Amino acid sequence: MASVDPTAARFPSVPAGAGHYESFYLKLCHPSEPLGVWIRYTVHKRPAAAPTGSLWFTLFGADGPRAAKLTVPGPGTGGGDWLRVGEARIGADGASGVVGEDVSWELALDDAEEPLLHLPAAWMYRARLPRTKLLSPAPAARFSGRLTVDRREIEVDGWRGMAGHNWGAQHAERWIWLHGITEDGDWLDAAIGRVKLGPLTTPWVANGALSVAGDRYALRRAKVTEFPDRCTFSLTGRGVEVRGTVEAPRERFVGWVYADPDGSEHHAVNCSIADMRLRVSRGGGASSELVVRTGAAYELGMRERDHGMALQPYADG
C-alpha cells in the first residue's frame, strides 16, 4: 500500500462545507515503573467552519492521571511537521509542546519500525467508508527527552512507545484501542470497532497487527468482552490467533469528551499504563505468552454516560 502516505495531514484538503477530525498521537512508557504519557495533537472542523487545533496531554502514574488540554485556532502542517498546534509540533523526529504554565514536553522519536497501515486495502483510505481511517507511522519506537509537569522534571531515556494517526468524518460508534510492547520488542497494535450503518450497528471488526520476532501478522476478526477498566479479547488473522486480557485499576484511567464534527459526542476512557497478557498461537504450533506490565494502552470509546469514570473538564470541538 505504498500509495498511502502515513504522515500526511488530511485536514487541509477537506472541503469548506464538510466536517472532519484528525489526530496525531504519541504513547510512551517508562521501562520498569508505572509511568507513561499519552499526547494528542488534533484538528476538529465542523461543517462550514474553520478548523481548530488542540493539544491533549496525560501523564499516567500509580496515583492517577494528570491531564491538560489547550485549544487554539489555525492548526498547520508542512516543513517536516506532521501537525502544528500553536507553537507545538509533532513530526518524524519527535514532538514538543506546552500547555499552560505547568505542562511541557520535548521528545525525540528514535528507532521507529516501519509504518503499520491498519486497513487491509489502500482504496479504503480514499473511500467514503470506513468513515474513520487509522494507521501508525511508528507502531513501535523508542523515545528520549524530558517531561515537565507541575515543576517535576521527568527524564525520558529509552522509553518504548508508538506514534499513531487517525482521521475521518465521524468516530466509530464504539471502539477499542490496544497497544503494548514487550521487553523483547514484540508488539500488538490493534483498533477494534463497531460502526453505525443506518439503524444497524455492525459486530466488532478488528484492524491491526501483531509483531513477533520481527514477523508481522495482520489481525482482522475479533471477539470482545469489554468493560471501562478491562477487556478480554480474541483476535485472529491468517496463521495467527491472539487471546488476551488488558486491565488497570479504575483510578489510573483518564476520561475525555470526544466530539464528532456533527456535534454528537462520545466518552473515551484510556489507561496507557495497563497490564496486558497475550497468548499467541502461530501456524498451528505451540502457543507462547507475551506480557506487558504497566506499559500497555487500553482505550474504550462509547456513547453511554454511566461508566463511572471521571471526565476531564474540557469540552471538545
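Which strands each supply at least two residues of the lining of the second largest pocket? I found β1, β12 (152-168) and β23 (288-302). Strands here are DSSP runs of E, at least two residues long, numbered from the N terminus.

Before going on, I noted that this is a predicted model, where local features need pLDDT of at least 70 and side-chain atom pairs count only at pLDDT 80 or more, while totals for chains, interfaces and linings use all residues. Residues are numbered from 1 along each chain as its sequence is written, and side-chain values use heavy atoms, with hydrogens and water left out.

**Entry: second largest pocket.** I read off about 420 Å³ of space for the second largest pocket. Its lining has 23 residues, and Pro 31, Ile 181, Thr 182, Glu 183 and Arg 293 are the closest to its centre. A pocket, on a 1 Å grid over the protein atoms alone, is an open set of points where a 1.4 Å probe fits, with protein on both sides within 12 Å along at least five of seven lines; lining residues have an atom within 4 Å of a point. The volume is the space filled by probe spheres set on the points, which are joined across faces, edges and corners. I saw that β23 gives the largest share of this lining, seven residues. By class I got seven nonpolar, seven polar and nine charged residues. Charged means Asp, Glu, Lys and Arg; nonpolar means Ala, Val, Leu, Ile, Met, Phe, Trp, Tyr, Cys and Pro; the others, Gly among them, are polar.

**Entry: largest pocket.** This one comes to about 800 Å³. I got 35 lining residues, with Thr 132, Leu 134, Ala 172, Gly 193 and Val 195 nearest the centre. They split into 20 nonpolar, nine polar and six charged.

**Entry: β13.** Is β13 mostly covered or mostly open? I found eight of its eight residues buried, meaning under 20% relative accessible area with a 1.4 Å probe, protein chains only. Arg 174, Ile 176, Leu 178 and Gly 180 point one way, and Trp 175, Trp 177, His 179 and Ile 181 point the other. In a regular strand the side chains alternate between the two faces of the sheet.

**Entry: partners of β13.** Pairing needs at least two DSSP bridges between two strands. I traced eight bridges between β13 and β14, antiparallel, with Leu 178 bridged to Ala 190. The two form a hairpin with five residues between them, and Gly 185 in the turn has a positive phi of about 90°. β13 also runs antiparallel to β23, over five bridges; there, Trp 175 has Gly 301 as its bridge partner.

Notes:
Helix = DSSP H or I, 4+ residues; strand = E, 2+ residues; numbered from the N terminus. Buried < 20%, exposed > 50% of the residue type's maximum accessible area, 1.4 Å probe, protein only.
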